[in-house]
Amino acid sequence: MSDIGDWFRSIPAITRYWFAATIAVPLIGKLGIISPAYFFLWPEAFLYRFQIWRPFTATFYFPVGPGTGFLYLVNLYFLYQYSTRLEAGAFDGRPADYLFMLLFNWICIVITGLAMDMQLLMIPLIMSVLYVWAQLNRDLIVSFWFGTRFKACYLPWVILGFNYIIGGSVINELIGNLVGHLYFFLMFRYPMDLGGRNFLSTPQFLYRWLPSRRGGMSGFGVPPASVRRAADQNGGGGRHNWGQGFRLGDQ
C-alpha cells in the first residue's frame, strides 16, 4: 500500500485531484451511494431546475459497466499519462497557467455540451489536454498499440479512431480535439507564431492562489523578450517556430 501511496503522491497536484475525482465519482455512482441520474449534464435540470453541480459531476462521471469498462480505463490512462506530462513538462512550475487551461477547456466543453445535449464530459476534457500536449510535442515520435510509431501531432486523431472502434462514437473525442485546438491557437500559435493579439491570459487571482515556482515566470501569451529579439534579428517578424517540438522536461 505504501508503494501505491508514494506513486499517487508523485502525481502532479492538479492531475492528482483530477485523477482521484475521475475514480471516486464513478465509484460513488456504481455503489449506489448517490444515484448516477444526478451526475449527468441535463440542460433542463441545469438551466431550469438550477442543479448547478451537474457540469462538475458530468466532468468526472462515467458509467462503468461490462460494455464501457475498457473505454473508461483507457481514458483514465490517457488522463494520467498526458496530464502528468503536460503539468510536469510545459507547465512545470506554473500551476495557475495549467489550471487556467483546464478551466478554459472545461467552460468551452460545458457550453458545447449544453448546446449539443452531451451528457458526459469526461472524455472531451481528457482529449483537449491530450491535444495540447500533442501540439507542443508535435514532432516527437510516439508509440501506440501493436508497435505503431508516428509523430505526436497525429496522436489525438489516432485515439479518436481507436475510441470509435472500441466505443462506437467520435463526438466526444472530436469536441475535445476542437477545444484543445482552440486553446492552443489562442494561447500559443496566434500570439506567438502569427504575431497576433493575446486573447487569453491567466487571471491574477489564480496566480495569488497558485503562485508560480520559477522566479515570477508566468503566462504564455507573449514570447519572452529574448525570443522576440532573436526573431527580429533573424528577420522572422516575431514568428515562433513550433515545428520542432520538444520533449517535456527539457527547458
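This is a chat about one predicted protein model and the contacts inside it.

Q: What kind of model is this, and how are residues numbered?
A: The model is predicted, so local features need pLDDT of at least 70, side-chain atom pairs count only at pLDDT 80 or more, and totals for chains, interfaces and linings use all residues. Residues are numbered from 1 along each chain as its sequence is written, and side-chain values use heavy atoms, with hydrogens and water left out.

Q: How many helices and strands does the chain have?
A: There are 11 helices and 2 strands. Both are DSSP runs, numbered from the N terminus: helices are H or I with at least four residues, strands are E with at least two.

Q: What pattern do they follow along the sequence?
A: The pattern reads α-α-α-α-α-α-α-β-β-α-α-α-α.

Q: How much of the chain is buried?
A: Of its 251 residues, 46% count as buried. Buried means under 20% relative accessible area, exposed means over 50%, and partly exposed is in between (1.4 Å probe, protein chains only).

Q: What about contacts between residues at least 6 apart in sequence?
A: Among those, 67% join residues at least 24 apart. Contact means heavy atoms within 4.5 Å.

Q: Let's talk helices. How do H6 and H9 cross?
A: H6 covers residues 95-116 and H9 covers residues 171-193. Their axes come within 10 Å and cross at roughly 135°. That makes H6 oblique to H9. The axes are lines fitted to C-alpha atoms, for helices over the stretch in contact, and angles run from 0 to 180 degrees between N-to-C directions. Under 35 degrees is roughly parallel, over 145 roughly antiparallel, 65 to 115 roughly perpendicular, and the rest oblique.

Q: Is that crossing left-handed or right-handed?
A: The crossing of H6 and H9 is right-handed. In a right-handed crossing the near helix is turned clockwise from the far one by less than a right angle; anticlockwise is left-handed.

Q: Which residues make the contact?
A: On H6, they include Phe100, Phe104, Ile109 and Met116. On H9, they include Ile171, Ile175, Leu182 and Leu186.

Q: How do the contact residues divide into nonpolar, polar and charged?
A: The contact of H6 with H9 has 13 nonpolar, 2 polar and 1 charged. Ala, Val, Leu, Ile, Met, Phe, Trp, Tyr, Cys and Pro count as nonpolar, Asp, Glu, Lys and Arg as charged, and the others, Gly among them, as polar.

Q: Tell me about methionine 116. Which residues does it touch beyond its sequence neighbours?
A: Leaving aside neighbours within four places in sequence, methionine 116 is in contact with Ile171 and Ile175. Methionine 116 lies in helix H6 and is partly exposed, at 43% relative accessibility. Its C-alpha atom is 9.5 Å from that of proline 43, 73 residues apart along the chain.

Q: New topic. How many salt bridges are there?
A: The count comes to 4. A salt bridge here is a side-chain nitrogen of Lys or Arg within 4 Å of a carboxyl oxygen of Asp or Glu.

Q: Which residue pairs with arginine 9?
A: Arginine 9 meets aspartate 6 in a salt bridge, at 2.7 Å from N to O. They are 3 residues apart in helix H1 (residues 2-10), which means about one helical turn separates them. Arginine 9 is exposed, at 55%, while aspartate 6 is partly exposed, at 44%.

Q: What does lysine 151 bridge to?
A: Lysine 151 pairs with aspartate 139, their closest N and O atoms being 3.7 Å apart. Lysine 151 is in strand S2, and aspartate 139 is in the loop between H7 and S1.

Q: Last one. Where is phenylalanine 50, and what is its phi?
A: Phenylalanine 50 sits in the loop between H3 and H4. Its phi is positive, about 60°, although it is not a glycine. Most residues other than glycine have a negative phi. Phenylalanine 50 is exposed, at 62%.
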